[in-house]
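This report looks at the disulfides, a helix pair and the nonpolar cores of one protein model. Please keep the sequence and the structure in view while reading.

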Amino acid sequence: MDQKFEQVQSTKAMAPLMRVPLFQFYPHLLLLLFLSLVLIMQTVTPLPVHKSPRLSLHNKDASLLISRNRPGDAISANALLDFKTYFYKQTIDHFNYAPQSYATFRQRYVVNSKYWGGQSYNNSPIFAYLGAEAPIDNDLSAVGFLNDNAPSFNSLIVFIEHRYYGKSIPFGTMEEAMKNETTRGYFNSAQAIADYAAILLHIKHQFSAHDSPIIVVGGSYGGMLASWFRLKYPHIALGALASSAPILYFDNITPQNGYYSIVTKDFKEVSENCYQTIRKSWAEIDRVASKPNGLDILSQRFKTCSKLNNAEELKDYLETIYAVAAQYNRPPNYPVTMVCKGIDKGSDGDVIGRIFAGIVSYKGNKTCYDMNTYNYPSETSIGWQWQTCSEMVMPIGRGQNETMFPAAPFNLTEFIRICQEIYGVPPRPHWITTYYGGHDIKLALNRFGSNIIFSNGLRDPYSSGGVLEDLSESVVAVTTRNGSHCLDILEAAKTDPEWLIMQRNTELQIIQGWLTTYYADLKSLNK
């Protein structure tokens, strides 16, 4: 057996977990988990870090809404039996030759070869999903783009887990790995895509697929990784599908308020009354909270599970609900519409009553509402906190009267101060654009990059930092006016609207074009 290869188990063991509705076990992937959970050396302690919307492929709130109406659409447990789990003996540091850099850890990847045509069948392609800031377990069912299209492409399906997440954590647990300043330094995007390069080359050897082209797929942060992988490793990946990848939300390329401006636009387009009610609510919440028993009143009006300590708890909760609803504004439920439906139906009441009616419409009628539901610590929140405090510095904020939200500008100086206090080192806010590019991207990639699809739904707030126009003949943008975050790479459903079906078909046609050209080139070279 190859010393770097170890087959561990069939995914049969995962099947019981996957029988529940889509994303049921994804509390750690809450999109807008505000960065208030900070790792301080040996312990995780909340500190006032700048609140920034979390990148994430999918979200628990959205999945629960979908499961109410699409119980039959989730991928079956039997389909997951086709996956096999492997572990690769990965190098901890790809960019240094000091003795400690040769340490290794076990990195998980999962393969489905059911539809694989193999090397003998016209060098069938490999579709590889590049994991992001979470374990890959639920991606196997959620990311349907690979599974749905494997039969027509006769492709091998691969899911690779990102280092320091899931079962691919060096040095034991996430907490243990993050305690040590040296080991924490190996946790970055460049090391991650180098991991993917090593594993994909290994898989080619493992499956005797030397001439099989590889298409990498990723969503959100994983979409960034997919596009960067194609740019850095064009000899390994023939092309990349980068879904909802805000690669331009760095180094002030995108205006700070881009994200929250789209959230505001989404709500305003659904209902002017809803938008105006939300806009007025922040001052009303502050007014009530300032009363001698104001927090008690607000706790009762919003049926909080525990008494509010301050008005910011409630406002943070509401801000997150609105941002999550906009980012995952998917059919058939369309969460923004659900929130506004509640607010508009409660138009006879006061502002507080109407806002609460929006919560009930979105969350359902509960005995109480947990104001901390988006803030509980997890492996993902710990890992992503470090990533944003090191290299993934996305300056997302909003000024006075720019959106329907209170002002909350991004202050880089303060952000650096807090991150340095937490980790002992400052962030590198310009490193992403230095290492991967971003400024003048059309000029840079017009004659350099190729075979990348940047797909975006324009209702997704993160599309404000995405590539929305073609950069060259083969670095192209595919957008949909009504689309939301990573919707195109999620599992297809019977209820999908025609525009979403057309978006996916466009992406597939582009990928087929890449493959056709590759096979023609391969045939010509082998003559």
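## Terms and basis

A residue is called buried under 20% relative accessible area, exposed over 50% and partly exposed in between, with a 1.4 Å probe and protein chains only.

The model is predicted, and local features need pLDDT of at least 70, side-chain atom pairs count only at pLDDT 80 or more, and totals for chains, interfaces and linings use all residues. Residues are numbered from 1 along each chain as its sequence is written, and side-chain values use heavy atoms, with hydrogens and water left out.

## Disulfides

The structure holds three disulfides, a disulfide being a pair of cysteine sulfur atoms within 2.5 Å. With the bonded cysteines numbered in sequence order, the pairing is 1-3, 2-4, 5-6.

Cys274 and Cys340, both buried, have their sulfur atoms 2.2 Å apart, and the torsion about their S-S bond is about -75 degrees, so this disulfide is left-handed. The pair links distant parts of the chain, Cys274 in helix α11 and Cys340 in helix α14 (residues 335–345), 66 residues apart; helices are DSSP runs (H or I, at least four residues) numbered from the N terminus.

In the disulfide of Cys305 and Cys368 the sulfur atoms are 2.1 Å apart, and a torsion of about 90 degrees makes the link right-handed. Cys305 is partly exposed, with a relative accessible area of 41%, and Cys368 is also partly exposed, at 28%. Cys389 and Cys419 are joined at an S to S distance of 1.9 Å; Cys389 is buried at 1% relative accessible area, and Cys419 is buried at 0%.

## Helices α10 and α11

The axes of α10 (residues 258–270) and α11 (residues 272–289) come within 5 Å and cross at roughly 135 degrees, the axes being lines fitted to C-alpha atoms over the stretch in contact and the angles running from 0 to 180 degrees between N-to-C directions. That makes α10 oblique to α11, a class left over once angles under 35 degrees count as roughly parallel, over 145 as roughly antiparallel and 65 to 115 as roughly perpendicular. Thr264, Phe267 and Lys268 in α10 meet Glu272, Cys274, Tyr275 and Ile278 in α11, where contact means heavy atoms within 4.5 Å.

## Nonpolar cores

A nonpolar core is a set of buried Ala, Val, Leu, Ile, Met, Phe, Trp, Tyr and Cys residues joined through side-chain atoms within 4.5 Å. The largest has 117 residues, of which Val216, Phe229, Phe267 and Tyr322 touch the most other members. Its largest share, ten residues, comes from helix α13 (residues 311–327). A second, separate core of 30 residues includes Phe83, Phe127, Ile453 and Cys486.

Methods. Helices (H or I, at least four residues) and strands (E, at least two) are DSSP runs, numbered from the N terminus.
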